[in-house]
Amino acid sequence: MHGEYKVPGGKLVVVDLDVEDGVLSGVRVAGDFFLEPDEAILSINSALEGAPADTEAAGLAARIDTALPPGTTMYGLTSEGIGIAVRRALAHATDWTDYDWQLIHDGPQSPALHMALDEVITAEVAAGRRPPTLRVWEWGAPAVVIGSFQSLRNEVDPEGAKRHGITVVRRVSGGGAMFIEPGNTITYSLSVPDALVQGLSFADSYAYLDDWVLGALGDMGVKAWYQPLNDIATDAGKIAGAAQKRVVADAGAVLHHVTMAYDIDADKMLEVLRIGREKLSDKGTKSAKKRVDPLRRQTGLPREAVIERMIASFRGRYGLAEGRVTEEEMARARELAETKFSSAEWTARVP
């Protein structure tokens, strides 16, 4: 069995192993990481040898930590990362490069249609009728997008939304509300087979699916990292929030979408969103205006250039062919946009 895992912000870990009588055997750990002293790699292999095959990543990491020689130093490597690579080997997880990725980057579309396209495209990936897809959104109108389980009245000031001509839609994934203005927002979705995240915990899958964009931001001079569970942050503040939805039908798929702040009208946002003190308290700030630090200031690049560099980074890592939404997919998405995502019943399902 073969498993690979790139430690977020670190290096690639590769594990080859067998299972005999329910325990790990023939374990060999490799990768492009740095490790001192040299013999520590033998200690890691020995620590994993004989471990029950159902041991979770944290348990495998504990075995490794106990076995490491005193003074061991890891560069681009963690015990937890090795444990995850083992779990991915056991789960027969796939890798990014196992797929022919497709890009969809169409013109501006309505908020409701974007919600519907996410649902339709991810279902198509789960059914095996569409390759894994990166979809970059262009917004046709300002919006507030609330999470699947948020209370509409608690999150949105209806008078403020009406005054600023802002549409409110509810997405299929959890997480918090997003304030959207077309020229100030960068949004993308990844619709991927479930096999790509096999062996990863729910929390680990967030950082794993966005490691490419952290690299792209780094190339633009922005040092960013994942702030659990679902924020992309910098020293200056949050720049993006992610959310996921798992599709269990057919072979299974994961919808992972991210909204990034290229610029922001903080005063308008505060007139539309009801951001309470409790939400701000766990972010370590007293002002909602300080929670988000836009990419425009941090990169000094036009929005279109930021998007182009992100796409180029993905293509350079994994390959990316130009694609499109099929006529059948668009027909289903338009129907869903009208019957579900534009309906008061769905939008106010948690009143």
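Author: Helices (H or I, at least four residues) and strands (E, at least two) are DSSP runs, numbered from the N terminus. This is a predicted model, in which local features need pLDDT of at least 70, side-chain atom pairs count only at pLDDT 80 or more, and totals for chains, interfaces and linings use all residues. Residues are numbered from 1 along each chain as its sequence is written, and side-chain values use heavy atoms, with hydrogens and water left out.

Reader: Good. Where is P37, then?

Author: P37 lies in the loop between β4 (34-36) and α1 (40-48). The peptide bond from E36 to P37 is cis, with omega near -5°.

Reader: Which other peptide bond is cis, with omega near 0°?

Author: That is the bond from P228 to L229. L229 is placed in the loop between β12 (225-227) and β13 (231-234). As background, most residues other than glycine have a negative phi, and most peptide bonds are trans.

Reader: Which residues other than glycine have a positive phi near 55°?

Author: D21 has a phi near 55°, and H92 also has a phi near 55°. D21 sits in the loop between β2 and β3, while H92 is found in the loop between α3 (79-90) and β6 (102-104).

Reader: Is D21 buried or exposed?

Author: D21 counts as exposed because its relative accessibility is 81%. Buried means under 20% relative accessible area, exposed over 50%, and partly exposed in between (1.4 Å probe, protein chains only). H92 counts as exposed as well, at 57%.

Reader: New topic. What is the order of the open sheet of three strands?

Author: The order is β1-β2-β3, with antiparallel pairing. Two strands pair if DSSP finds at least two bridges between them. β1 (2-6) and β3 (23-31) stand at the edges with a single partner strand each, so one side of each is left without a neighbour in the sheet. Neighbouring strands of this sheet are turned by 20° against each other on average, direction ignored. Here, axes are lines fitted to C-alpha atoms, for helices over the stretch in contact, and angles run from 0 to 180 degrees between N-to-C directions.

Reader: Over how many bridges do β1 and β2 pair?

Author: β1 and β2 (residues 12-20) pair in the antiparallel sense over five bridges. Within β2, V13 is the bridge partner of Y5.

Reader: What about the sheet of eight strands?

Author: That open sheet has the order β12-β13-β14-β15-β11-β7-β6-β16, with mixed pairing. Its edge strands are β12 and β16 (321-322), and each pairs on one side only. Helix α4 (residues 111-126) packs on the sheet, touching β6, β7 (133-136), β11 (185-193), β14 (237-247) and β15 (253-261). The direction of α4 makes about 145° with that of β15. Contact means heavy atoms within 4.5 Å.

Reader: Where in that sheet do Q227 and D231 come in?

Author: Q227 stands opposite D231 in β13. β12 and β13 pair in the antiparallel sense over three bridges.

Reader: And how do α1 and α2 cross?

Author: The axes of α1 and α2 (residues 57-67) come within 8 Å and cross at roughly 135°. α1 and α2 are therefore oblique to each other. Angles under 35 degrees count as roughly parallel, over 145 as roughly antiparallel, 65 to 115 as roughly perpendicular and the rest as oblique. In this pair, S43, I44, A47 and L48 in α1 meet L60, R63, I64 and A67 in α2.

Reader: One more residue, please. Is H257 buried or exposed?

Author: H257 is buried because its relative accessible area is 7%. H257 is placed in strand β15. Leaving aside neighbours within four places in sequence, H257 is in contact with several residues, among them D118, W137, S173 and Y188.

Reader: With which side chain does H257 make a polar contact?

Author: The side chain of H257 makes a polar contact with that of S173 (2.6 Å). A polar contact is a pair of N or O atoms within 3.5 Å; within protein, one must be able to donate a hydrogen and the other to accept it, and residues adjacent in sequence count only if both atoms are side-chain atoms.
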